[in-house]
Amino acid sequence: MNPYRHWRIRRDDDRIAWITLDVACSPMNKLSVEVMTELATVLDDLERYPPAAAVFLSGKDAGFIAGADIEEFTRLDSPQKARELVGRGWELFNRLAAIAYPTCALIRGHCLGGGLELALACRYRVAVDEPATRLALPEVMLGIVPGWGGMLRLPQVTGPAAALDMMLTGKGVDARKAKKLGLVDECVPARVMHNAARALVLSRKPARELPLLQKLLNGPLKAVVARQARAQVARRAQQKHYPAPYAILDMWSKFGGNALAVPADRPTSLDAIVASPTTRNLVRVFFLQERLKGFGKDSGFEASHVHVIGAGTMGGDIAAWCAGRGMTVTLQDQGIERIAPAIKRAARVFERKCRGDKLKARMMLERIVPDVDGRGVRQADVVIEAIFENLEAKHKLLAALEPMIKAEAVLATNTSSLRIEDIGAVLQNPARLVGIHFFNPVAKMPLVEVVSAADTDPAMARRAAAFVKQIDKLPLPVASAPGFLVNAVLGPYMLEAMRCVDEGVAPEAIDRALTDFGMPMGPIELVDLVGLDVAMAAGKALTGAAAPPKHLSQLVAAGSLGKKAGKGFYSWHDGKAQKGKTGAVPEGLAQRIIQPLLDATRRCVEQDVVADADLADAGVIFGTGFAPFTGGPMNHLGARPASPKPRPAQAARALPRAA
Ligand code: NAI
């Protein structure tokens, strides 16, 4: 009889204890309080009858350990509770690290956060060489710190530079990179993983030691490393918005990686982190992302063949993205000479992605089939129209396509400004048409809007969402309203920024004010990137008769269309905007320019463009990069004391549950 709910111990003939984590009633392993408490009992039991060695492994197909249970973070409403949670893991993993017999973590699939901290507390680590294997300490992305020994032990095995890079960005490494960094002792194929772990624990090799220079950098020279890393962090994130990376640096360099040792009154203490709204908001953003991932889950729809019509900026990149995700793609345009540039672009992307593995890159490229005659339409599971933004052209195309498409296939348009109702008007069955609105550049933007008209068949919209999820994008269901959600909120924001230019404020000052607010890029640079002609057309579509900003009109008339023309509000060289001195930033500038975005988001919620305020926040964060530390525009409106129309109910809104 297994005495544990989540763990299993099997002792073999070599007296190795194989300790399997298989968390009850969960598809993946998470280190909840209950699982950690039971691990303490497991260690007690092992202490009574010590094995010759122990190997930790997962009983799940999904991976090793996904980390701590993030649901539990939402209940950390006092510094005391945070200290208890951190203290429990810190002590338990110190205990694991102190075990006299050899211990090993056998890592297959994801090994994240607390999972990697458990693995780091073992003497050895074996990683299975598969694409799904990923090791990371992503705590910083939730505004917290790897307090269960990660800040102590990761620098001890990889040296501080690699460790800080992982801890300060949250970025993960695969099995091969982990082996290169010294993070794992072995990187092996799945079929020999048990034998590799067995051989390692029986070898009694001492744990890997850092070379002398790395030891110095992780010892007496910590201050030098920390100074450099701090300067890098400061370029990406301000301490007032994102305290966690600064805390990680302080805890590592001055407190031996022990979060509990930092005095409560220091700005880098656990107490300060728990008190910061950023932590709450980033955890909120995590759950918002989980909620988006949940859309389309129930449809059971799976696509294997996508037919894209229009091989231009968007169609070409959509085709490459889908092929990169394992789908067969037929790509149609008016002539082969129009398809060729898209294929060339895709070839470059795949070469970069496959890092020198030419065969793999070629296999990906071969999944894109040029298809001038549109033969792929009949077999496709998803048909995406991405031709010119012209209603007549779209009508002609769709009317011809409809009789050829499989009954169960998704028929989608990538339109950014036309109404789905208007486009579908020529169809025998307009209910089958959905919008699948990708953003430019396709490879970089995580969000895709799934647009329904009033009479769109909800089953089709669910299928479209399932497809979006299948290609690893975040689907956001929206209604067919002008600009949908993302462009409807970006438009007024960019317009206000351009009005400021008309009033004489320097573009540099505007962009600086907004990046200081926490936007990934200033609005004027964004207009240059999108293209001034596109901005002008979008502005017309969204605002109707309102006169466009003066400078915008002048620049468009002069052919200065932004980055693509080498000149717009800025001059562009080598893909970079040439900015002059920022000069004085007028008081309240960021608030003035953000306000129209906040108002537009609220309007979209009131007009049911999105189902609720949380989804509006998710869409604006993942569709525009809106400062994640705020928790999104609606959350920001609710939390901001000086808000013109405070909505206290909003701030108190419970977090959506993970899907
Ligand atoms: P584009 O002008 O780069 O490409 C359009 C392509 O469609 C051209 O290669 C053209 O030859 C082809 N085409 C036109 N009529 C055709 C037909 N009857 N049959 C086959 N091919 C045909 O356009 P872009 O920018 O890629 O836009 C495509 C769609 O995506 C538009 O609806 C646009 O509103 C939307 N969109 C554009 C974004 C952008 O940033 N460019 C962002 C999101 C959506």
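Arg5 and Glu34 form a salt bridge, with 3.0 Å between the closest N and O atoms. The model is predicted, so local features need pLDDT of at least 70 and side-chain atom pairs count only at pLDDT 80 or more, while totals for chains, interfaces and linings use all residues. Residues are numbered from 1 along each chain as its sequence is written, and side-chain values use heavy atoms, leaving out hydrogens and water.

Q: How many residues apart in sequence are the parts that Arg5 and Glu34 tie together?
A: A salt bridge here is a side-chain nitrogen of Lys or Arg within 4 Å of a carboxyl oxygen of Asp or Glu. Arg5 sits in the segment before strand E1 (7-11), and Glu34 belongs to helix H1 (residues 33-48). Helices (H or I, at least four residues) and strands (E, at least two) are DSSP runs numbered from the N terminus. So the pair ties together parts separated in sequence by 29 residues.

Q: Is Arg5 buried or exposed, or partly exposed?
A: Buried means under 20% relative accessible area, exposed over 50%, and partly exposed in between (1.4 Å probe, protein chains only). Arg5 has a relative accessible area of 49%, so the label is partly exposed.

Q: Which helix holds Arg95, the salt-bridge partner of Glu47?
A: The side chains of Glu47 and Arg95 meet at 3.3 Å, N to O. They link distant parts of the chain, 48 residues apart: Glu47 is in helix H1, and Arg95 is in helix H3 (residues 79-97).

Q: How many residues of helix H4 (residues 114-121) are buried?
A: Among the buried ones are Gly114, Glu117 and Ala121. Helix H4 is largely enclosed by the rest of the structure, because the buried count is eight of the eight.

Q: How many residues of domain 3 are in contact with domain 2?
A: Contact means heavy atoms within 4.5 Å. The centres of domain 2 and domain 3, taken over C-alpha atoms, are 28 Å apart. Domain 2 brings eleven residues to the contact, and domain 3 brings eight.

Note on methods:
Domain bounds come from an automatic or database domain assignment.
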